[in-house]
Amino acid sequence: MLSTESMPDWTMDPKTRAERVAARFRETFGGEPELWARAPGRVDLMGSHTDYNLGYVLTLPISRDTWIAARRRDDGTVRIYTMNLDAEDEFRLDAIERIPGSKWCNYVRGVAATLQDAGLGPMGCDAMIHSTVPLESGLSSSAALESAVATVFAGLGGWDLTNERKALLCQKAENEFVGVNCGILDQYSSCLGRQGCALLLDCRDLSTRAVWIAGGIRIVVCNTMSRRRLSGGEYAQRRAECEQAAAVLGVSALRDATPQMLAARRHELPEPAARRAEFIVAESARAETLAGALTADDRPAVARLCAESFAGARDLYEICSPAMAAMMDAMLAAPGVIGARQAGAGFGGCMVALVDAASTDAFRTAVLDAYYSATQVRAEVYPVEAAQGAAVFDGAVIGK
Ligand code: GLA
């Protein structure tokens, strides 16, 4: 949830990207980086707002990612520069303070402070950030940054930090230091991604299952380019309404409410909590069902599940904006579309389409044209690949 529009050219090949990051590192800090880390953004294929209800999400860690090139320092200071914003931050590890406002550097500071609280003792470093995850658009740029930062500290410190623990610590940093009460979806996606697979995440026991997507289906992100508005307050409100519904139903989370229970007792729930619960119970079940449909290449099922998800997001969970409705129309009218729906928290930002692989280019052109005609806004439409979770990599070799 960072706040700027400036993005580097994301179509850059990895070699050029590594050269540019290394060059900027030299210019800013002098010398060469000794460690490179990367962490992906994510797009959810099904399971809007199910994570904090401890339900299922089908998520795809994506090929848009955040890179950090780093080198240790022995004076207990962290100096960090972001190429996306042309901004830098410096702080001492023995006095980590939160900067007022929603500043990018709070994600870095928050991860350092949380690792410290967990007894891990991060060391000082110089670090250069470069991200191709669009900011504030619902693809988890903040979780990608947190996960990349945690990977840098773990790499420099030589710690054996499991991906699960890393994700939980990053979520803690966002909840407690940054002050955003998100669920586990974003950090888990960024830390646990597996190349070539979607992940079915069970947000109660935090287990994940790799889900293979049939080869003829491509995942295409369609960015409305409209900022997610009100998402902070609306997000907290949705959470509170879900908790209210769970309390009336006598369950610890909506994960435990079955469709039968809800049908029998819906009249006991006040509105809008009843509508919210109806959406969450159905959406969590859809995440599991879509996993099977994508593997089996069951296109009618994919179409139906995505349509139900969007209708529920619009009418029951009320997280859709006019820009999202216009994008939905554009996606559904485009050649090759199999299914389309919202992504992230809603309220604008990116949406996602499942598209026949052979028609991806025609789909893209048609969506761009139709969305522009309807809104006079130029969207961004691009296919994404399933990416590996946060890890160190050899940037020096890539850059040669
Ligand atoms: C945001 C939050 C996640 C999740 C989604 C909605 O991305 O950070 O935890 O709740 O919204 O599914």
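Begin at the ligand and select His49: a backbone N or O atom of this residue lies 2.7 Å from an oxygen atom of the ligand. The model on display is a predicted one.

**The ligand and its shell**

Next, select Gly183, where a backbone N or O atom is 2.9 Å from an oxygen atom of the ligand. Then turn to Arg42, which contributes through its side chain: an N or O atom there is 3.0 Å from a ligand oxygen.

To display the whole surround, select Arg42, Gly47, Ser48, His49, Asp51, Tyr52, Cys182, Gly183, Asp186, Tyr235, Gly344 and Ala345. Colouring this shell by residue class gives four nonpolar, five polar and three charged residues.

**From the shell into a salt-bridge network**

Keep Arg42 and Asp186 selected, as both belong to the shell around the ligand. Both are also members of a network of salt bridges, together with Asp44, Glu283, Arg286, Arg304, Glu308 and Arg341. Side chains of opposite charge can pair when their charged atoms come close. Across the model, the count of salt bridges comes to 35.

Now select Asp65 and Arg17, whose side chains form a salt bridge with an N to O distance of 2.7 Å.

Move on to Arg204 and Asp256, a salt bridge in which the closest N and O atoms are 2.6 Å apart. Here, too, distant parts of the chain are linked, the two residues being 52 apart. Arg204 sits in the loop between strand E6 (197-202) and strand E7 (207-212), and Asp256 in the loop between helix H6 (231-249) and helix H7 (259-265). Arg204 has a relative accessible area of 37% and is therefore partly exposed; Asp256, at 30%, is likewise partly exposed.

Finally, select Arg266 and Glu271. Their salt bridge has its closest N and O atoms 3.3 Å apart. Why does Arg266 count as partly exposed? Arg266 does so because its relative accessibility is 25%, and Glu271 is placed in the partly exposed class at 45%.

Terms used: Residues are numbered from 1 along each chain as its sequence is written. This is a predicted model: local features need pLDDT of at least 70, side-chain atom pairs count only at pLDDT 80 or more; totals for chains, interfaces and linings use all residues. Side-chain values use heavy atoms; hydrogens and water are left out. A residue is near a molecule or strand if one of its heavy atoms lies within 4 Å of it. A polar contact is a pair of N or O atoms within 3.5 Å; within protein, one must be able to donate a hydrogen and the other to accept it, and residues adjacent in sequence count only if both atoms are side-chain atoms. Ala, Val, Leu, Ile, Met, Phe, Trp, Tyr, Cys and Pro count as nonpolar, Asp, Glu, Lys and Arg as charged, and the others, Gly among them, as polar. A salt bridge is a side-chain nitrogen of Lys or Arg within 4 Å of a carboxyl oxygen of Asp or Glu. Helices (H or I, at least four residues) and strands (E, at least two) are DSSP runs, numbered from the N terminus. Buried means under 20% relative accessible area, exposed over 50%, partly exposed in between (1.4 Å probe, protein chains only).
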